[in-house]
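Please load the model in your viewer and keep the selection tool at hand. We will go from stop to stop, with a short note on what to select and what is there.

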Amino acid sequence: MTPTHLPGRPAIPTLPAVLDAFNSAPVEEVRKLLLDCLRSHRWAERVSAHRPYPDVASLQAASDEAAYDLAPGDLTEALAAESLPTLPDGAYSAAHMAMSAAHAAYESKFGHAFVICLAGVPPTEALDHVLAGIRSRLANDPEDERVVAAEELRRLARQRLGGLLGGAGP
């Protein structure tokens with residue numbers, strides 16, 4: 001499919017063009033891009049190895065499947081690269097302190113950064129959502145929390161992959 005454009009305006013690549021570029025890019029370039037979505041070399045290898053993808057939904061399904069199959073070491077690798085979500089602009093210092101304290105308690109108990117996907121959460125509610133998530137998940141035992149963290153990583157990878165493809169996909 002050719003890029004779409006209006007007279008006098010630059011051409012804008014359509015989704016198939018972005019997906020075609022992803023499918024045809026050198027494997028090492030694709031793996032680097034994928035590692036920005038989820039910092040697991042095994043996940044990036046699996047997702048890149050199954051190219052070409054006929055559509056974004058197939059790519060996201062492959063991403064999900066690879067994320068579900070992360071071994072404990074892969075999960076540890078991915079979690080080690082994550083950081084606490086950033087606070088919205090204008091957040092007051094007490095919010096920073098509350099976030100830091102909650103995250104420190106979480107990291108002390110579970111040994112890794114707190115991860116949460118904020119897809120669909122309005123920026124004005126992000127801080128409350130993160131703090132509520134940390135507080136409720138502190139009640140989990142370590143094994144249950146690893147399952148929750150793995151699911152959040154899967155959701156983050158899906159969201160980041162959609163961003164990589166220009167916000168495309170279901």
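Start by selecting C37: its relative accessibility is 2%, so C37 counts as buried (under 20% relative accessible area is buried, over 50% exposed and anything in between partly exposed, with a 1.4 Å probe and protein chains only). Now select C117, which is also buried, at a relative accessible area of 3%. How many disulfides does the count come to? The count is zero, where a disulfide would be a pair of cysteine sulfur atoms within 2.5 Å.

Before going further, a word on what you are looking at. This is a predicted model, in which local features need pLDDT of at least 70 and side-chain atom pairs count only at pLDDT 80 or more, while totals for chains, interfaces and linings use all residues. Residues are numbered from 1 along each chain as its sequence is written, and side-chain values use heavy atoms, leaving out hydrogens and water.

**The whole chain**

Colour by secondary structure, and you will find eight helices and zero strands (DSSP runs numbered from the N terminus: helices are H or I, at least four residues, and strands are E, at least two). Of the 170 residues in the chain, 38% are buried.

Next, colour by pLDDT, the predictor's confidence in each residue, from 0 to 100. The chain has a mean of 87, and 86% of its residues reach 70 or more. Among the helices, α3 has the highest mean, 97, and α1 the lowest, 86. Select residues 1-7 and you are in a stretch with pLDDT below 50; residues 9-13 are below 50 too. Where pLDDT is low, the predicted coordinates should not be read in detail.

**The largest core**

Which residues touch the most other members of the largest nonpolar core? Select F22, L34, W43 and L59, from a core of 29 residues. Such a core is a set of buried Ala, Val, Leu, Ile, Met, Phe, Trp, Tyr and Cys residues joined through side-chain atoms within 4.5 Å. Helices α1 (15-24), α2 (27-35), α3 (41-49), α4 (56-68), α5 (72-80) and α8 (142-164) each give two or more residues to this core.

Zoom in on W43. Leaving aside residues up to four places away in sequence, W43 touches L34, C37, L38, S63, A66, A67, L70 and A157, a contact being heavy atoms within 4.5 Å. Apart from this core lies another, of 11 residues, including A95, M99, A102 and F110.

**A buried aspartate**

Move to D64 in helix α4. With 11% relative accessibility, D64 counts as buried. Beyond residues up to four places away in sequence, D64 touches R154 and R158.

**Aromatic rings**

The structure holds three aromatic pairs: rings of Phe, Tyr and Trp (its six-membered ring) pair if their centres lie within 6.5 Å, with planes under 30 degrees apart counted as stacked, over 60 as edge-to-face and the rest as tilted. Select F22 and Y53: the ring centres are 6.5 Å apart and the planes are at 40°, so this pair is tilted. F22 sits in helix α1 and Y53 in the loop between α3 and α4, 31 residues apart.

For the last stop, select Y106 and F114. Their ring centres are 5.1 Å apart with planes at 85°, so the pair is edge-to-face. Y106 is buried at 0% relative accessibility, and F114 is buried at 0% as well.
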